[in-house]
Amino acid sequence: MRFVKGVLALATLVAVVIGMPAAIAIFGQLPDVSRWAGRSPLDVLLSRDDGTLLINVLTIGAWLAWGVFTVCVLLELAAVVSRQRFRPRLPGLKVPQAVAAGLIVAVIAMFVVQAALPRGSAPSSPPPAPAAVVTQTQTPAMAGAGGDHAVQRVDHAEQTERTDTSLHTVTAGEDLWSIAEQHYGDGSQWRTIAAANAVLLKHGPDDLRIGWQLVIPGAEDDAAAVRVVVQKGDSLSSLAAEHLGSSSRWKALYEENRAVIADPDVIDVGTVLVLPEATDTSDTADEGELAGDPRSDRYEGGEGSTSDAPAEEGQLDGDPRTQGPRGGGGVAPLPQSTADANQVEQVEQSDQAEQADAVDPALLAPGVGGLLAAGALTGIAGRRLWQLRQRPVGRRLPQAPTWAAGVERSLGHQQDPVSLRAMDKAMRLIAEHCLRTGADLPRLLSATVGPSGVELEMSRAGLSAPAPFAVGGRVWVAPVASVMEAGEVDAVRPWPALVSLGTRHDGSYLLVNLEELSVLDVQADDELARGIQSAVAMELAMSLWAEELQVVLVGGAARGEDTAWVEALDVPHVHLCPTVAEALQHVEQRAGQQRAALAGTEWFGPQRLDPITAEAWAPEVFVFLDELSAADAGQLQRILRKSPISIAAVTRDGAQLVGGPAGGARMEATTELALLKPTGVQFTPQYVDAEFRSSVKELLATTGTDRTTAAPWWVEESEPENAVPSDPRMSVEWPNVSEADGPVTREEHAVFSTRTASPPEVGHPVVRLIGPIELVGVRGTAPSRAAKQCIEYAAFLLEHPGSTAPAMKSSLIIAEGTRRSNMSRLRAWLGEGPSGPYLPDAYSGRISLDDAVSSDWQHLQMLVAAGVNRTPTSALTAALELVRGAPLADAAPQQWQWAEEMRTDMVSVIRDIGVELCRRALDDREVDLARWAAARALAGAPGDEFLMCARIRTEHLAGNAADVQRLALQVSSQARRLGVDLSDETVSLLQQVIEGSVRARSI
């Protein structure tokens, strides 16, 4: 019937819009005004007519009617295309617009796939929606396993007014107008549906997502249905195996949901699928599925799970793996809820799906785990901080190549600093506990850490553990939050050879203690083995406990192994050894010395905890990048067969090394799955490819040099000796007041500064970046979630006007769906200005904010556009007034990675402005201005040595000896804490203000 209605509506539209003007042109006749020339209107009206005048009037009326209806059709088409965002109502044209809308909707409905749920007829005045009862149930195939999916049974037999309500599952291409037309025959009834689903449509009636179930007042739904919400990684086969008892029933699941599944190989996250009648089967896995494969563990603790949790008697109250329902328990039924509660659940599921899909995996560094990423970024950030403190005034830090900077951005999204810090703190808590209580230091075999907690596997049971750890046999478990909340401790890390090998099926990181393994042998293809060994070496070299061990990479040149990152890292605890023979000689010598020092002692735990002897007993890990010969492998096995020694080896294809007297473990790996023998633990391996190693080398080299480039915010008379030429591909365009008119004089710039010295007006949106991140001056309402991400998008567009969707996706490391959602939120939040939306639609593909939108960073750049050292004092003062704290002060660790160059420029400019303004004030003996300038700049560049020296000069000039002493001590202590030397100028200043003169440098 719908198809017939659509065909008739289409024929009507064609006949009226196209056929009617043709008919009028053929059969109609417009007036011939030449016949009335020289005659009065009264004479024309009273003269005898032969029918021509009547035809003229009818023709004019027909053209007017056609024009009015055509305009209505065009307006309704625009409303459909814009999803009702643009739908003007012309005075007096309500009836023709309604007719045009009905015809257009009928045509569109002809092409819309009907929803899966049955629909009844709708009354002319739909009543309010009654409350539907939603319960969560189990299918027969779920018995005995804790399901991961929210399976909903919507039983309409229990509705208070069963005959007045139906549910509609949203499909692709639908909006409220078309849904209302399907159920009520009138698209204008969409407001009734919106009112009945207010919770679900909290972001507006146009925010409609595939798979949502909408309550349709006034329509019947006489079926009870069991439904499942699609999650990330699901397929029809996996869902059929999970809920229907066999993966072979995927076709039945597909046939039941053809209305919402266009391609059986592609199902969208968040789609609600109706389950066909399940069969009772005891099958729990497809034929051929490997027992213990973590990829098939859909229900933790269920049949076929490979969880290595202790046996029942070893399970603990506090063990995160035993919390909640587990094997045999299934899913506990939920209490009955209202339709609004069901909508809240759907919103949360959609939000979770969007969050899970927030990052595009294709833009991340393949194989890199969260602990390695966090350690690498921590090291790079520390090196960059050292650069900022050593940077001369008026110079700029060198920037990494674009391709290397892209890897740094991806690491920002992959890092897991919380898990890294939790593991670091857990080790120090245990070390402090053993020192304080005299307890024996346990020998750690392996560990896992993730969102749920920290789990340590010891070599034996019966040992005491510090709070917050709970002990169950050999396993110690503590929640991450409890570990992080424990008091600060100053102790060594007792197991610095702890390194992650990959991730478990639950997302936690698997770590092994290489000292206890003695040998870790990697068996994989050549490139993957190289990547796994390099990942182990990189993580050990850049972890938080890296300085408490030695890492030696042996060989590699014969296999083309890229070890350039080691030279770029340039730290004393990571070395290169060119030959296997030299490495084995060193291993044998050190092993003999350690065994002699132990003199029969069981192991070196007490020496590791003692601050006096800990350095001598630091572990030494040798990564043999070349395959060992039989003779070399035999020699290494003879050296390591006697324990204990603090030496470990990572080899490749050394099968004879594992399982003998030296113990050891073998890691058999592909890029997707690894198996650790003899434990049998399966996980996804961590590795770093050649491109990643090259990028890390560039990042380390860029952040490890003291060379600088010319700063665009400073006018230099000559280049310093350590200057490097600027790369034009990496330069940032700074504003110029009047570049076309030649150099700006001091007087001209003073006039310019007078116009711009005040903070940015908030009459239009302003993104505040110099301090806590804010968006002010907006016309809309802040979104309920992802507000900080929206501000990040706005800042990105300000720094990259005319960007494209792919460029945003690549720079921000986000999925396209997340980008679109946040752009919609940002557009609504910014609102509209006098010239239209502050974030216009990108019809050309180029995305830009309205010219009225600005940032405090842009304003600061304009203030010092002539050069900080040539900018009037009033403008420098105005620039510092914009500083509210450190740039991007509250940016999340996994966001704003694209802005690292901008952030370092902000810190550098603020420091240089503070130093220059303080110098001028001291020259004019304006102590208050100098004190204010130094303090304000330190808010943006905390602890900067140049600014601290400016404060010392200021207090010395003011005669505040106590403050001079305090600041001098602070500068010296900070240098010792960071492990850097004070500059010669700072040393001379401290001698001058403390001792009264500079010490003689020569005789």
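A residue counts as buried when its relative accessible area is under 20%, exposed when over 50%, and partly exposed in between, using a 1.4 Å probe and protein chains only. Keep that handy for the rings below.

This is a predicted model, where local features need pLDDT of at least 70, side-chain atom pairs count only at pLDDT 80 or more, and totals for chains, interfaces and linings use all residues. Residues are numbered from 1 along each chain as its sequence is written, and side-chain values use heavy atoms, leaving out hydrogens and water.

Let's start with aromatic rings. Rings of Phe, Tyr and Trp (its six-membered ring) pair if their centres lie within 6.5 Å; planes under 30 degrees apart are stacked, over 60 edge-to-face, and the rest tilted.

| Pair | Centre distance | Plane angle | Type |
|---|---|---|---|
| Phe469 and Trp476 | 6.3 Å | 55° | tilted |
| Trp896 and Trp898 | 5.7 Å | 25° | stacked |

Phe469 and Trp476 are both buried. Trp896 is buried too, at 5% relative accessible area, and Trp898 counts as buried at 12%. Ring pairs also link Phe796, Trp896 and Trp898 into a cluster.

Now for two helices, which are DSSP runs (H or I, at least four residues) numbered from the N terminus. Which residues of α26 meet α28? They're Thr873, Thr877, Leu880 and Glu881, and they touch Leu929, Trp932, Ala933, Arg936 and Ala937 in α28, with contact meaning heavy atoms within 4.5 Å. By class, this contact has 5 nonpolar, 2 polar and 2 charged residues; Ala, Val, Leu, Ile, Met, Phe, Trp, Tyr, Cys and Pro count as nonpolar, Asp, Glu, Lys and Arg as charged, and the others, Gly among them, as polar.
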